[in-house]
Amino acid sequence: MVQYTLAQSPEVFIDVPGRDSNKAREKAMDQLVSLMDDGDLPTELDDGFNPKDFIEVKEPKTDPSAEENAVVEAVQTLSNLAKLKVKVQGSREEALKVRELVDLLFTDEVIEEEQIEELNSGFKTLKTFAQTNLRYRDAKDEAESARETLDAALNPPGKKK
């Protein structure tokens, strides 16, 4: 939707579907003629008014407020937490199996070659899980304040949880 006004009558707005174009200005001209015919135009226009004389009304762009920025940041933090939780859940079971094999290293029991191979191949999984789990815990702490920020933005003013 594009909106036009006239220099001679800035209080008059003419709305036309679409974007600013010659065709949209022609449609606005048709509406302007209709306003003039109906006597609804508060001013007389000089002869020779043409579609190029319309002034496009643009809404001023406003920068997001600090509260809006905080909400965006909170949602990003919560999204990060969700991704980390999925990663942790996906690798937990396999990492715990490898962890049990680590315990075998500290016993007097005989470790079979198959278990050693499984242990060696599982160290990367164990490391990845442990690092992701630490990042998840840190993100969870950060996400608490993000959740509070989001709750404050979602609840009507003056209403407590």
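**View 1. Glu 144 and Arg 147 in helix H3.** Helix H3 (residues 113–154) holds both Glu 144 and Arg 147, which are 3 residues apart, about one turn of the helix. Helices are DSSP runs of H or I with at least four residues, numbered from the N terminus. This is a predicted model, in which local features need pLDDT of at least 70 and side-chain atom pairs count only at pLDDT 80 or more, while totals for chains, interfaces and linings use all residues. Residues are numbered from 1 along each chain as its sequence is written, and side-chain values use heavy atoms, with hydrogens and water left out. The two side chains form a salt bridge at 2.8 Å, N to O; the term means a side-chain nitrogen of Lys or Arg within 4 Å of a carboxyl oxygen of Asp or Glu. Glu 144 is partly exposed at 35% relative accessible area, and Arg 147 is partly exposed at 44%. Buried means under 20% relative accessible area, exposed over 50%, and partly exposed in between (1.4 Å probe, protein chains only).

**View 2. Arg 99 and Asp 103 in helix H2.** Both residues belong to helix H2 (residues 66–104) and lie 4 residues apart, about one turn of the helix. Arg 99 is partly exposed, at 40%, as is Asp 103, at 38%.

**View 3. Arg 25 and Asp 20.** A salt bridge joins Arg 25 to Asp 20, with 3.0 Å between the closest N and O atoms. Arg 25 counts as buried at 13% relative accessibility, whereas Asp 20 is partly exposed at 34%. The whole structure contains 3 salt bridges.

Key. Helices (H or I, at least four residues) and strands (E, at least two) are DSSP runs, numbered from the N terminus.
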